[in-house]
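Reader: I have a structure open and want to learn how to read it. Please take me through it feature by feature.

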Amino acid sequence: MIRRVALALLLVLAALPAQAAIAPDEILPDPALEARARGITKQLRCLVCQNQSIDDSNAPLARDLRILVRERLKAGDSDAAAIAYVVARYGDFVLLRPPIKATTWVLWFGPAAILLGGAVFLWLRVRRRKGAPAAPAPLDPEEQKKLSALVGETPRPQAPPRPQAAP
Amino acid sequence: MRLRFVIPAILFVLLGAGFVYALVAIQSGRKDPGTVPSALLGKPAPEFALPAPEGFAQGLSTADLKGKVTVLNVFASWCPPCRVEHPLLLELAKEEGFQVVGLNWKDKDDKLAAWLKEDGNPFARIGADRSGRVGIDWGVYGAPETYILDRDARIVHRHVGPLTKEILRDEIRPLLAKLRK
């Protein structure tokens, strides 16, 4: 039973790469070039179904762009040049991994800044609390007597020794 | 001491107001988070030269966009919203001072001809972009899209999705009036 489940899982995992939408007629004969093309198209957003890469998407425009990227590579473009070619037409939005620049600083560094801010805030709070008196001022004899009268006990010596835990 | 409760309360209210604003804007259609800003705004129109679809006289190239204010509509006969905005383009084409041209995107010539014969042709020129390659150069990712270009064929404005009366009134016509001067 376990073996069968394991086999099924293995087959599902093995089928994962096959989810790419790429059609056989798009694949370049040169495996090295094809690998580069796959690497690029995985980084480019399909603008029709915006949370998929053009490598994953079945949209006709994604197919056009996959072919376009392969043509650029065949024409001798470097990976960066092929990506820049698409970005020049569709803007930074086609990059699934947004570039780091002034307009994306909040996006890239915002979470870390918030975390850091929280840590600083917490540190300041803890430090302030340590500086404050740990316990209220001890009762003076007058107050002690009043308290004892209220709870009906004979006055105890101030600050009784703490009960010790059994060793 | 009181401030410790007031500041988070103010922050919370501001956050909530931001959410409500965004929700209302999306719901009313004023804002579409899926809209991609054009990379070509302020840039000259890409170089291209397209033949006219079969049955039409005038093709479309970059040279045709110069010297006149232009409304360039990316459309196709297979695209239902294009048919919805079609009457507005016919209306726009009657006005003076700018040209309305069409980029026929990934379409079949015969289907296009049949449609425009029936519903009227608002376009002074039509470029047949059968492969969609010129569309890619323009950054087109769906039909319809509408571009406004100044006399130097510089892209001034892009509208994604069908035109509406409101968009014509509030965005397109004021911009055209400004460019015509």
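Reader: How many strands form the open sheet in chain B, and in what order?

Author: Strands of a sheet pair through backbone hydrogen bonds, either parallel or antiparallel. In this predicted model, 5 strands of chain B form an open sheet with mixed pairing, in the order E5-E4-E3-E6-E7. Strands (E, at least two residues) and helices (H or I, at least four) are DSSP runs, numbered from the N terminus. Two strands pair if DSSP finds at least two bridges between them.

Reader: How should I take the numbering and the confidence?

Author: Residues are numbered from 1 along each chain as its sequence is written, while chains are lettered from A and ligands numbered from 1 in the order in which they are written. Local features need pLDDT of at least 70 and side-chain atom pairs count only at pLDDT 80 or more, whereas totals for chains, interfaces and linings use all residues.

Reader: Which are the edge strands?

Author: Strand E5 (125-129) and strand E7 (155-160) of chain B, each of which pairs on one side only. Neighbouring strands of this sheet are turned by 20° against each other on average, direction ignored. Axes here are lines fitted to C-alpha atoms, for helices over the stretch in contact, and angles run from 0 to 180 degrees between N-to-C directions.

Reader: In which sense do E4(B) and E5(B) pair?

Author: Strand E4 (residues 99-105) of chain B pairs with E5(B) in the parallel sense, over 5 bridges. B:Leu103 stands opposite B:Gly127 in E5(B). B:Asn104 has B:Ala128 as its bridge partner in E5(B).

Reader: Is E5(B) enclosed or open to the outside?

Author: Count C-beta atoms, placed from the backbone: a residue is buried if 20 or more others lie within 10 Å of its own, exposed if 12 or fewer, and partly exposed in between. In E5(B), 5 of the 5 residues are buried, so the strand is largely enclosed by the rest of the structure. B:Arg125, B:Gly127 and B:Asp129 point one way, B:Ile126 and B:Ala128 the other, and all are buried.

Reader: What should I look for in the backbone angles?

Author: Most residues other than glycine have a negative phi, and most peptide bonds are trans. Look for the exceptions. B:Lys106 is not a glycine, yet has a positive phi of about 50°. B:Lys106 lies in the loop between E4 and helix H3 (109-119) of chain B. It counts as buried, because it has 20 C-beta neighbours inside 10 Å.

Reader: Where is B:Ala153, and is it buried or partly exposed?

Author: B:Ala153 sits in the loop between E6 and E7 of chain B. With 19 C-beta neighbours inside 10 Å, B:Ala153 counts as partly exposed. Its phi is positive too, about 60°, although it is not a glycine.

Reader: Which residues does the cis peptide bond join?

Author: B:Ala143 and B:Pro144, with omega about -5°. B:Pro144 is in the loop between helix H4 (133-138) and strand E6 (145-149) of chain B.

Reader: Now chain A. What is it built from?

Author: Chain A has 6 helices and 0 strands. Of its 167 residues, 15% count as buried. Helix H6 (residues 141-151) of chain A is hardly covered, with 0 buried residues among its 11. Just after H6(A), A:Gly152 takes a positive phi of about 70°.

Reader: How do H3(A) and H4(A) pack?

Author: Two packed helices are described by the angle between their axes and the distance between the axes. Helix H3 (residues 60-74) and helix H4 (residues 79-90) of chain A pack at about 135°, with axes 9 Å apart. That makes H3(A) oblique to H4(A). Angles under 35 degrees count as roughly parallel, over 145 as roughly antiparallel, 65 to 115 as roughly perpendicular and the rest as oblique.

Reader: Which residues meet there?

Author: Two residues are in contact if their C-beta atoms, placed from the backbone, lie within 7 Å. A:Leu65, A:Val69, A:Arg72 and A:Leu73 in H3(A) meet A:Ala82, A:Tyr85 and A:Val86 in H4(A).

Reader: And the loop between the two helices?

Author: A:Ser78 is in the loop between H3 and H4 of chain A. A:Ser78 is exposed, with 11 other C-beta atoms within 10 Å. A:Ser78 and A:Arg36 are 42 residues apart in sequence, but 9.4 Å apart in space, C-alpha to C-alpha.
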